[in-house]
Amino acid sequence: MDNILNGSMRCAEIYTTEQAIYYITDDDNAVYTDTCIVAENEQRVYILVARDGCVAKNIDLTFIVEKSASLRVELLVAHADATIFLRCIMRGESSHAVINGVYILGKNHKMTISTVQHHEAAHTKSNLIIKGVADGNAQVTYSGMVRVEKEARCSISCQDHKAMLLSENARVVSIPSLEVLTNDVHCFHGSAIGAFEQEKLFYAASRGIGQEIIKRLLLQAFFAHLFKNKTMNSLLEGLL
Amino acid sequence: MNKNNILEIKHFSVSVSEISVVNDISLSVEAGSVHVIMGPNGSGKSSFAYALAGHPSYVITQGSAYINGIDFSSLAVNERAQQGLFLAFQNPCEIPGVSVSSFLRQAYMAIKNTHISVGDFNTMLLMRCGQLGIDESFIARGLNEGFSGGEKKRLEILQLLILQPAIAVLDEIDSGLDIDALKVVCAGIAIAQKENPLLSLIIITHYQRILRYINPDHVHIMNNGLIIASGGSELVDTLEAEGYEAFKNDAQR
Amino acid sequence: MTHNDKDTLQSYIFRTKKGLNRDIVIQISEQKNEPSWMIDFRLKALSIFEEKPMPSWGADLKDLDPDDIFYYVKPLESQHTTWDDVPERIKTTFEKLGIPQAEQKFLAGVGAQFESEMIYKNLKKRWADQGVLFMDMSTALREHEALVKKYFSTIIPPHDNKFAALNSAVWSGGSFVYVPAGVRIDMPLQAYFRIDASQMGQFERTLIIAEPGSFVEYVEGCSAPIYKKNSLHSAVVELIAHENAHIRYITIQNWSNNIYNLVTKRAVAYKNAHVEWVDGNFGSKVTMKYPCIVLKEPGAKGSIISLAVAGKGQHQDSGGKIIHCAPHTRSHIVAKSMSKEGGRSTYRGLLKVIKGAHNVHSRVQCDALIFDDESRTDTYPTIDIRENNGDIGHEASVSKVSDEQLFYLMSRGLNEQSARALIVNGFIDAFVQLLPMEYAVEINRLIAMEMEDSIG
């Protein structure tokens with residue numbers, strides 16, 4: 001795990017521990033396609049990291065969550081180009097998925113993330129939160145589909161994308177979509193795009209606090225509580 | 001069955017999602033009396049209230065309940081209300097876009113089985129708002145929409161005064177209120193009692209605070225879905241001194 | 001069939017052939033005595049229509065055959081369906097909505113004008129005194145050619161999309177409204193008052209110009225179901241709001257459910273101007289309609305408030321597009337939909353902030369109520385932000401009428417039907433609030449009827 005943290009691991013690694021299955025890459029031609037099944041009653045955690053100079057050409061993962069199983073995916077894209085496709089299918093009754101992602105991009109980085117939360121069975125839950133900052137000339141496209149089939153009664157689905165644009169040239173396109181074929185559901189999606197709130201910056205400055213420090217604090221607050229995995233939290237801390 | 005009893009409950013058991021939450025409760029409530037039900041979290045107090053009102057998730061697995069001599073089990077939710085039952089909810093839900101005034105007028109007409117013009121109703125409503133110190137702007141707001149905890153409770157009491165039930169079940173009407181808000185709520189209850197001396201109350205609460213303003217005739221302690229002690233207000237003194245443990249231990253003996 | 005009706009039917013068939021070609025377009029233009037630039041415009045648009053493929057996205061248009069449609073029927077004749085032909089369900093709806101006999105026939109396309117002609121004459125004088133122009137599009141073209149030419153098709157050119165091209169080729173009817181600077185029209189202009197027989201035509205073309213500091217509220221359509229034999233309706237509406245002007249455009253559509261209703265509506269708002277689209281979609285088999293506002297100069301504001309009800313066999317595919325081209329602009333979209341009995345309602349939206357458009361504030365809210373598991377709802381918004389200094393939020397929710405809310409209302413004495421109706425009323429409230437009162441009353445009644453039908 002130290003190798004991951006100190007950046008001495010240069011190429012893509014798939015690493016399994018008791019806690020999670022890790023895929024970490026800073027390869028300049030990373031390709032990773034897989035279908036992962038979370039079997040009945042199992043609990044699985046997947047950690048995906050693309051960082052620092054990585055060009056993740058195609059990370060394409062499908063997760064199938066069976067009856068009463070639960071899946072947690074934590075994703076971090078930092079200073080990398082990436083094309084990522086995550087499809088999460090709640091196939092078994094009462095299955096549950098949580099997908100939390102962070103992106104921190106600058107320079108000329110381009111990132112496209114597409115996610116699918118597909119509810120096929122009843123009493124399923126999914127919760128997706130993607131938060132990111134785009135600086136420099138970074139370009140981000142997020143498209144997220146939530147699809148709830150007719151059989152997926154009593155399901156709950158949430159999808160939230162929040163982006164902060166830190167420079168004049170950064171650009172974010174967000175395309176959240178919902179397709180719902182049954183009535184007994186609660187579905188919610190949201191997208192918000194903005195920048196640091198002027199009021200907060202001004203207040204801090206009037207108390208002598210430097211802009212850089214307050215921005216870091218605001219970013220820490222922005223990303224707080226997204227990751228449960230210790231490694232991810234360490235990585236994130238190092239980036240902010 | 002005692003004709004003075006507005007509410008008769010016998011061997012009442014309730015389950016939700018197949019878990020038993022109320023076990024074999026029997027209770028008789030005379031017209032004009034005040035019953036208090038206390039108990040720790042999870043003791044089944046709110047479940048009991050919900051089941052009385054007819055919430056679809058709460059299944060009555062055993063026993064019977066009579067309101068005004070009529071068997072509950074044959075009555076739909078709104079019919080129970082029309083028979084004079086009122087439940088003040090612990091966490092009333094929001095109904096956006098439906099104003100307080102239009103909602104209350106509909107309820108009034110349904111329960112009193114009468115028609116009243118918007119103008120006449122609003123006059124009555126504003127008078128009641130005055131009694132509870134509620135600002136006039138309240139009545140145009142969406143039902144519970146963006147209301148604070150205190151505002152929601154006040155609205156429940158406003159409904160009590162407008163709908164004039166025979167028996168009111170108040171589910172933790174005091175939770176989340178500061179002293180002033182609590183006083184307003186209790187003043188509202190007092191008005192209701194004064195206007196209708198036959199009004200019966202079942203007050204569900206954790207705390208003894210509200211009992212400084214309302215005098216109970218009967219106090220019941222619930223735990224694990226059962227009534228483990230019944231008596232007068234002396235039970236409250238014991239509770240204050242020794243907590244629920246005292247009653248739990250008694251029940252186990 | 002009476003002798004008269006038979007004659008009418010024959011002349012109806014004689015006048016037109018199905019399908020579309022240059023001759024028909026020229027015929028339309030000549031009937032209206034149009035200047036040559038308009039004929040050219042129509043013919044060019046026809047070529048564009050013929051070249052463009054059917055859209056590959058959106059609602060299902062596979063049953064729509066452009067060759068199987070009458071493109072032009074002389075106005076008076078288009079009204080002569082017999083009262084017997086009008087479906088029973090529509091007649092019942094008229095009665096329930098409290099619409100008098102004569103109006104029923106008129107709306108069903110049977111009768112001719114009636115007493116509102118008197119009201120119309122008085123209003124016409126009032127407007128003329130203020131310098132307001134309100135007339136059908138063809139009359140405007142004849143009497144105010146220069147003004148029309150200045151703005152016509154500047155917001156929606158024929159190549160915008162296939163159905164805009166179609167409308168550009170065969171347009172007939174529709175309103176022209178011009179409001180001089182500083183004039184605030186104090187009552188809503190109703191398309192209804194434009195007593196020319198083709199007011200509910202298939203290919204209406206509407207143009208509204210609001211000069212600086214002016215205000216106009218325009219209402220078209222009605223909640224009573226409009227029955228038409230012809231199954232394609234493709235309208236184009238262009239709005240221009242100059243500096244500090246305010247335009248509110250209200251459409252209530254309840255076409256019978258054999259109709260494909262494909263509409264292109266777009267507005268441009270200049271400095272500090274304000275445009276509002278208020279859109280109610282209750283009828284038709286398929287509606288595709290995405291009112292658009294281009295916020296072109298600083299301080300401009302745009303809002304789109306829509307309500308779509310999709311019942312059995314219906315697909316309401318609607319939404320809104322707002323493009324922020326300038327800084328300090330604001331936008332607000334509230335889209336409410338209800339799907340029941342197998343209906344499908346789809347929201348398609350675009351919120352775009354171009355580079356340089358800083359300090360933009362935008363909120364989009366889409367709420368869908370879905371009543372049963374035969375029905376379907378979709379939400380497809382696109383949010384494209386190229387400027388960092390803005391505040392943009394989008395939220396969508398899908399749910400059914402909540403059990404908690406039903407229980408609460410029933411515990412206060414309402415029966416289930418009344419409780420549902422009250423909740424639905426609350427749901428559509430944001431939309432109904434914006435309508436002139438008579439419409440609000442009608443819409444509430446219409447929704448109440450829809451609810452009754454579905455509960456049965």
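Me: Which residues does A:Val65 touch, not counting residues up to four places away in sequence?
Reply: This is a predicted model, in which local features need pLDDT of at least 70, side-chain atom pairs count only at pLDDT 80 or more, and totals for chains, interfaces and linings use all residues. Residues are numbered from 1 along each chain as its sequence is written, while chains are lettered from A and ligands numbered from 1 in the order in which they are written. Two residues are in contact if their C-beta atoms, placed from the backbone, lie within 7 Å. With residues up to four places away left out, A:Val65 touches A:Val38, A:Leu71, A:Cys88, A:Ile89, A:Met90, A:Arg91, A:Gly92, A:Ser95 and A:Ala97.

Me: Which residues have the most contacts inside the largest nonpolar core?
Reply: A nonpolar core is a set of buried Ala, Val, Leu, Ile, Met, Phe, Trp, Tyr and Cys residues joined through C-beta atoms within 7 Å. Buried means that 20 or more other C-beta atoms lie within 10 Å of the residue's own, against 12 or fewer for exposed and a count in between for partly exposed, with C-beta atoms placed from the backbone. The largest such core has 260 residues, and those with the most contacts inside it are A:Val65, C:Ala241, C:Ile247 and C:Ala269.

Me: Which helix supplies the largest share of this core?
Reply: Helices (H or I, at least four residues) and strands (E, at least two) are DSSP runs, numbered from the N terminus. The core draws at least three residues from each of domain 1 and domain 2 of chain C. Its largest share, eight residues, comes from residues 416–432 of chain C, namely helix H12.

Me: How many residues of domain 2 of chain C are in contact with domain 1?
Reply: An automatic or database domain assignment gives the bounds, and it divides chain C into domain 1 (3–289) and domain 2 (402–456). On the domain 1 side, strand S8 (246–253) and strand S10 (274–281) each supply at least two residues. That side has seven nonpolar, two polar and one charged residues, where Ala, Val, Leu, Ile, Met, Phe, Trp, Tyr, Cys and Pro count as nonpolar, Asp, Glu, Lys and Arg as charged, and the others, Gly among them, as polar. Across this boundary, 10 residues of domain 1 are in contact with residues of domain 2 numbering 10.

Me: In S18(C), which residue is the bridge partner of A:Val173?
Reply: The two chains meet where 29 residues of chain C are in contact with 31 residues of chain A, and strands S18 (376–385) and S19 (390–399) of chain C each supply at least two residues of the chain C side. Strand S13 (171–180) of chain A is joined to S18(C) by six bridges, and the two run antiparallel. Within S18(C), the partner of A:Val173 is C:Asp384.

Me: Which residue in S4(B) stands opposite B:Ile9?
Reply: Another open sheet of chain B has four strands in the order S2-S1-S4-S5, with antiparallel pairing. Its edge strands, S2 (19–30) and S5 (70–71), each pair on one side only. Eight bridges join S1 (5–16) to S4 (58–67), and the residue of S4(B) opposite B:Ile9 is B:Ala65.

Me: Which residue in S14(C) stands opposite C:Lys289?
Reply: Both faces of strand S11 (286–289) of chain C are covered, with C:Val286 and C:Met288 on one side and C:Thr287 and C:Lys289 on the other, all buried. Four bridges join S11(C) in parallel to strand S9 (260–269) of chain C, where C:Tyr260 stands opposite C:Val286. S11(C) also pairs in the parallel sense with S14 (315–324) of chain C, and there C:Lys289 faces C:Ser318.

Me: Is C:Gly320 buried or exposed?
Reply: C:Gly320 is found in strand S14 of chain C. Leaving aside neighbours within four places in sequence, its contacts include C:Tyr290, C:Ile304 and C:Gly349. Because C:Gly320 has 30 C-beta neighbours inside 10 Å, it counts as buried.

Terms used
Two strands pair if DSSP finds at least two bridges between them.
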